Amino acid sequence: MRMVDTREYVGMLRQLVEEGREVNLLIAGSSMSPFLIHQRDTIWFKAPDRELRRGDMVFYQRADGRFIMHRIYAVKADGYYMVGDAQWIIEGPLKREQIFAIVTRVQRKGKMLTPGSFWWEFFEHVWIRMVPIRRVAQGIYGKVSKLWRS
């Protein structure tokens, strides 16, 4: 089995996206929790076929070469501003050329979710607006989810 560097692997996926293909990837990292969980959930993405807007989950490449999948927090004249679902610090502005893919569907907790499903819409339209109070909301979510599991 050949080990491939993450940057190299996502770079290959980017090439497939630029050729018009839709590809998938198992989530690595925790910046998109609680919606997407490290090594549990899978995303499908392709080249954007429409204007990008607030709430969209997109793949982009930072100036240092790292590939990141976050949500668009704001679209302004100077560029795109990004934030992970587990974060409250906004990154940006990014140029449109840095964004190469949009997430089209996810497999979350073993279930396929697409735009229009409850959790997709919640995180795209409600959670994105909660960035200023996320620290508190995440603490409440953690406590409530522990109660549900018991």
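Gln39 is placed in the loop between S1 and S2. The names of such elements come from DSSP runs, numbered from the N terminus, with helices being H or I runs of at least four residues and strands being E runs of at least two. Although Gln39 is not a glycine, its phi is positive, at about 60°. With a relative accessibility of 48%, Gln39 counts as partly exposed; the classes are buried (under 20% relative accessible area), exposed (over 50%) and partly exposed (in between), with a 1.4 Å probe and protein chains only.

**Basis of the model**

- The structure is a predicted model, in which local features need pLDDT of at least 70 and side-chain atom pairs count only at pLDDT 80 or more, while totals for chains, interfaces and linings use all residues.
- Residues are numbered from 1 along each chain as its sequence is written, and side-chain values use heavy atoms, with hydrogens and water left out.
- The mean pLDDT, the predictor's confidence in each residue from 0 to 100, is 92 for the protein, and 97% of its residues reach 70 or more.
- Where pLDDT is low, the predicted coordinates should not be read in detail.

**Overall architecture**

- The protein contains three helices and eight strands, and their order along the sequence is α-β-β-β-β-β-β-β-β-α-α.
- The radius of gyration is 15 Å, close to the 15 Å that the globule rule gives for 150 residues, so the protein is as compact as a globular protein of that length. This radius is taken over C-alpha atoms, and the rule is 2.2 Å times the number of residues to the power 0.38.
- The C-alpha trace spans about 45 × 45 × 30 Å along its principal axes.
- Of the 150 residues, 41% are buried.
- A contact means heavy atoms within 4.5 Å; among contacts between residues at least 6 apart in sequence, 53% join residues at least 24 apart.

**Surface and charge**

**Backbone features**

- The peptide bond from Ser33 to Pro34 is cis, with omega near 15°, and Pro34 lies in the loop between strand S1 (23-26) and strand S2 (42-46).
- A cis peptide bond also runs from Gly92 to Pro93, with omega near 5°; Pro93 is in strand S6 (residues 91-94).
- Lys109, a residue other than glycine, has a positive phi near 55°. Lys109 is found in the loop between strand S7 (99-108) and strand S8 (111-113), and it is exposed, with a relative accessible area of 52%.

**Surroundings of Met57**

- Met57 belongs to strand S3 (residues 57-61) and counts as buried at 2% relative accessibility.
- Not counting residues up to four places away in sequence, Met57 touches several residues, among them Met32, Phe35, Met69, Ile102 and Trp120.
- Met57 and Met32 are 25 residues apart along the chain, and their C-alpha atoms are separated by 9.6 Å.
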